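Subject: Structure for you to look at

Hello,

Here is the structure I said I would pass on. Please open it next to this message.

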Amino acid sequence: MKRCKGCNGYSVDDKMVKIANKYKGVKGGIMGALHEVQDEYGYISEINQKYLSDKLGVPLSEIYGIITFYSRFSLMPKGKYNIQACMGTACYVKGAEAVIKAFKDNLNIDVGQVTEDGLFSLESVRCIGACGLAPAIVINEDVYGKVTPDMVPNIIDTYRKKEATK
Amino acid sequence: MKKTVQDIENIRTQTKLSMKNIRIMVCAGTGCTSSKSQKIINNISKILKEKNAEGISVEKTGCFGFCAKGPIVVIDPMEIFYEQVKPEDANEIVEATLNNKVVERLMAKENDKFVERWHELNFYNKQKRIALKNCGYINPENIDEYIAVDGYKALEKVLLEYSQDDVVKIISDSGLRGRGGAGFPTGKKWLFAKQVEGNIKYVCCNADEGDPGAFMDRSILEGDPHSVLEAMAIAGYTIGAKQGYIYIRAEYPIAVHRLKIAIKQAKDYGLLGKNILGTGFDFDIELRLGAGAFVCGEETALMNSIEGKRGEPNPRPPYPAVKGLFAKPTLLNNVETYANVPKIILNGSKWYSSIGTETSKGTKVFALGGNINNVGLVEVPMGVTLREIVEDIGGGIPGGRKFKAAQIGGPSGGCIPDSLIDTKIDYESLASINSMMGSGGLIVMDDSKCMVNLAKFFLEFTVDESCGKCPPCRIGTKRMLEILTRITEGNGKEGDVELLEELASSIKKASLCGLGQTAPNPILSTIRYFRDEYEAHIKYKKCPAGECKKLMNVHIDPEKCKQCGICKKTCPVNAISGEVRQGPFKINPEICIKCGACIEKCPFKAISK
């Protein structure tokens, strides 16, 4: 653990120290650093923002501006299983809206929200390029193609069961 | 280890020989990977090991384009084509290949005959693969295979034989134009960047392919990443740059992975880095990941993003050629544009300019999607007609439905209606009907699609992706979306169409960048060709295609209803009343959510909207 000045005594873990050191002095390195923080923690916390600001010499306001500009970065943690429903044109034309609605109804959350148990979050995303499989959804690393609304309860169940057996 | 020109030639000769062996090529593009092609590769490779099969190898390769029939496996050099292969089929494929046989049940059939070689499929008949030439033939993660198909030969030729002016002349004479959408002559762009004075210049590659439904650039980077690296090095030599950046979407993990491998391999061989091929020319390439902002496909926004800022566009001039990345002169081209460059250098500008039409030379890659049988990636010479793409290559519309329109160029493009299906696909012909080439997304729509709703869909996208810097785009698109929303919900007013046209024209004129300037295009083109649909929504509160839910009226035809009760069981909100064999069922419009589930389930087609 390392303490940083400007973090008001909060501390960050070793992974953060590593990421910050990697991008220190790299031209335009803040984007790369934010990518790594997002991938590592699933979101970019305020403490980590302050730490990066301090280490990379980028004002906190600017970092906040960057995070909120790009949809890939998030300020809030996502669900353990993040459901990304593709809303690209090909998926849209093949009925992606109905699929999203089925997820909303089954999970009782809206797009952009996390279920109470923290298990699922739902996002509608830009074209993932799996247009041959339209409509497509991605849950963490798994891609599901040609999804219909009646497949949705089963898909959700797969992950619920996975959790229950753990 | 760094290689000399002679070393590279030796690798070429050796790898060419080894590539003559039997190779089981498995598509490892994003589409086929999602349908378990990696598992197919693992299974085949395991079986090959068990059987000690010498002289046969399994390789991953780039997109064959026929994504509708994926995963695709091709046995080279015989080019035997297997479609919709499953991991369980691995054993059968290996057995057949070892015994010089084929697995008939996995082969494609056309006109009751098996298709023996993959490019004999009707799907490839009218295609010409230049940018996609190596996709499906080489393993993109092996630089030796790229070298074997004359890769890095163009770079060698340029460095050893050509002056900077020679290269500009070849590219100019070839007639190559920007494949990112605008169609600016590439040779001119290179000339400007070369002419500008400056010790430090940059070469950038725009791989932020953001149009929904477009995956041309991704497929090139996944299937043939070295062709882009080679072209960027050639561009670097031509304009006097030592550093290149590829800005790629983080949503393309496979492409990012392959690019990383390719850059490392090229550096190891000394084809990137210091003193390339002993000629004293230095050039290096770095990757920069996008983070999900459509506007970053705009050149000035893209450069801001590489610099680690919010990806907002800047006014032009100054153009990037004068003041671009890190305020230095910068050359920016799209992936597909670069992929054409090595082939033009090797085959000459005359060869390239002999393909295509008078003003649009070469080929264009399209991502064909939507309501069409052969969803996939196609590369056609400029000047083919939309009909040829839809009917001959795309195999027509599924489900016995009719072609209604094609949206070309994504959210910045326009639709082409049935009446103009014989329009030639080239920059000028498309512009003349108020559409545009765009980056290459081509979405086909059948007669069940409502064009007002489609325009709304694209506008939702642009409203979402507008960066907010300039008011015409930020506020104007939002207002247009509100109008479209009320039209699709049955609250449209007389004069709404005219209001949309007026707003569209102001937004086009006053927006800062390409995003805003082209955002009204889908609305203008749908109004132009489907004005009657807008009128039907506004005046008669009807959606002719039956897609707009708020205007939908689901009802059961009492004549056709056989009183089976399936619809009642299907209805998720209990809006249907009636008892089995006790008279026709009825839908309560107050409760009905117009989901359409009953329409699909009714065995007697008694329910309609």
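The model is predicted, so please read everything here as computed from it.

The interface of chain A and chain B
Chain A puts 31 residues in contact with 50 residues of chain B. Together the two chains bury about 3,200 Å², and carbon and sulfur atoms account for 58% of that area. On the side of chain A that touches chain B, the elements giving two or more residues are helix 2 (29–41), helix 4 (60–69) and helix 5 (89–93) of chain A. That side of chain A is made up of 17 nonpolar, nine polar and five charged residues. Between chain A and chain B there are 14 residue pairs in polar contact, counting pairs with both residues at pLDDT 80 or more.

Two helices of chain B
Within chain B, the axes of helix 8 (residues 164–174) and helix 14 (residues 335–347) come within 10 Å and cross at roughly 105°. Angles of 65 to 115 degrees count as roughly perpendicular, and therefore helix 8 and helix 14 of chain B are roughly perpendicular to each other. Helix 8 of chain B contributes Val167(B), Ile170(B), Ile171(B) and Ser174(B) to the contact, while helix 14 of chain B contributes Val341(B), Ile344(B) and Ile345(B). By class, the residues of this contact are six nonpolar, one polar and no charged.

Regards

Technical notes. Residues numbered from 1 in each chain as written. Chains lettered and ligands numbered in written order. Predicted model: local features only at pLDDT ≥ 70, side-chain atom pairs only at ≥ 80, totals over all residues. Heavy atoms only, no water. Contact = heavy atoms within 4.5 Å. Buried area = accessible area lost by both parts, 1.4 Å probe. Polar contact = N/O pair within 3.5 Å; in protein donor to acceptor, adjacent residues only side chain to side chain. Helix = DSSP H or I, 4+ residues; strand = E, 2+ residues; numbered from the N terminus. Nonpolar A, V, L, I, M, F, W, Y, C, P; charged D, E, K, R; others polar. Axes fitted to C-alpha atoms, helices over the stretch in contact; angles between N-to-C directions. Parallel < 35°, antiparallel > 145°, perpendicular 65-115°, else oblique.
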